[in-house]
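Trainee: I am new to this structure. Please pick a single part, look at it closely, and then show how it relates to the rest.

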Amino acid sequence: MGEKKKKIVKTIKVDVDKCNGCRACEVICSAFHAEPKYSSNNPARSRVRVVRHPLKDIYVPVYAGDYTPAECMGRDQYTINGKEYEECAFCRASCPSRDAFKEPDSGLPLKCDMCESDPTLSEPMCVQWCLNDALIYEEREEEVEEEAEEEKQEEMEVGLESLVDKYGLQKVMDTVARMSKKD
Ligand code: SF4
Ligand code: SF4
């Protein structure tokens with residue numbers, strides 16, 4: 001058994017009853033990740049998207065999760081307050097079956113990065129901009145095995161390999177270079 005190690009788990013709690021669908025979270029996330037920072041905003045580049053149904057006053061913020069190279073074999077369909085949502089509506093994955101959570105220019109997957117662990121941020125940008133307190137940021141410390149971290153590294157390498165297979169090495173390298181460029 002490997003050594004125990006402390007890790008900070010970051011969570012954004014979403015209270016859908018408090019969300020009014022204003023989309024400020026989408027706007028600020030896309031502006032924060034623009035190059036140069038704050039030079040533009042385009043919700044299509046946001047790492048959070050709000051599934052909206054104004055007639056029934058239903059708004060559900062969904063955060064971009066991991067990239068997947070293959071779509072699911074089965075689909076989920078949700079009905080909330082009598083409104084049926086399209087399949088995959090609340091899925092967090094950047095997946096080949098749809099355009100959600102993809103960088104509009106390059107097609108590369110988007111994933112919430114908790115604002116790049118920017119030490120100047122007291123809280124993630126979307127949380128700061130949500131005036132209705134629908135998004136609440138929390139941190140907790142957990143103990144994990146060292147091996148778990150190694151496994152994660154392997155998973156990351158497999159993920160990168162499939163991105164290179166799909167988009168080509170140059171495109172992936174250009175995007176990584178753009179993301180790591182400092183202001
Ligand atoms: S900023 Fe808050 S209230 Fe507005 S859409 Fe996003 S989560 Fe909902
Ligand atoms: S935590 Fe940061 S990166 Fe993630 S969705 Fe919110 S603003 Fe975007």
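Mentor: Start with K102: not counting residues up to four places away in sequence, it touches A44, S94, C95, P96, G107, L108, P109, L110 and Y167; contact here means heavy atoms within 4.5 Å. The model is a predicted one, in which local features need pLDDT of at least 70, side-chain atom pairs count only at pLDDT 80 or more, and totals for chains, interfaces and linings use all residues, while side-chain values use heavy atoms, with hydrogens and water left out. Residues are numbered from 1 along each chain as its sequence is written, and chains are lettered from A and ligands numbered from 1 in the order in which they are written.

K102 is located in the loop that runs between β5 (83–84) and α2 (125–129). Helices (H or I, at least four residues) and strands (E, at least two) are DSSP runs, numbered from the N terminus. The protein has four helices and six strands, and their order from the N terminus is β-α-β-β-β-β-α-β-α-α.

A salt bridge is a side-chain nitrogen of Lys or Arg within 4 Å of a carboxyl oxygen of Asp or Glu. A polar atom of the K102 side chain does lie 2.5 Å from the backbone oxygen of R98. For comparison, a polar contact is a pair of N or O atoms within 3.5 Å; within protein, one must be able to donate a hydrogen and the other to accept it, and residues adjacent in sequence count only if both atoms are side-chain atoms.

Now take E103. Its side chain meets that of R45 in a salt bridge, 2.4 Å from N to O. This pair links distant parts of the chain, with E103 in the loop between β5 and α2, R45 in the loop between α1 and β2, and 58 residues separating them. E103 is buried at a relative accessible area of 10%, whereas R45, at 21%, counts as partly exposed. A network of salt bridges links R45, E103 and D105.

E116 and K37 form a salt bridge through their side chains (3.4 Å, N to O). K37 is in the loop between α1 and β2 and E116 in the loop between β5 and α2, so the pair ties together parts 79 residues apart in sequence. Both are partly exposed: K37 has a relative accessibility of 24%, and E116 has 37%.

The loop also holds E123, which is partly exposed at 31% relative accessibility. Apart from neighbours within four places in sequence, E123 is in contact with Q128 and Y137. E123 and Y137 are 14 residues apart in sequence, and their C-alpha atoms are 6.8 Å apart.

How many salt bridges are there in the whole structure? The search finds 11. One of them joins E145 and K4, whose closest N and O atoms are 3.5 Å apart. E145 is in strand β6 and K4 in strand β1 (residues 4–14), which places the partners 141 residues apart.

The nonpolar parts come next. A nonpolar core is a set of buried Ala, Val, Leu, Ile, Met, Phe, Trp, Tyr and Cys residues joined through side-chain atoms within 4.5 Å. The largest has 14 residues, and I12, C25, Y63, C126, V127 and L135 have the most contacts inside it. At least two of its residues come from each of α1 (24–32), β2 (48–53), β3 (58–63), α2 and β6 (135–145). Another core of 10 residues lies apart from it, with I58, V60, A64 and F90 among its members.

Over the protein, 34% of the 183 residues count as buried. Of the contacts between residues at least 6 apart in sequence, 65% join residues at least 24 apart.

Methods
Buried < 20%, exposed > 50% of the residue type's maximum accessible area, 1.4 Å probe, protein only.
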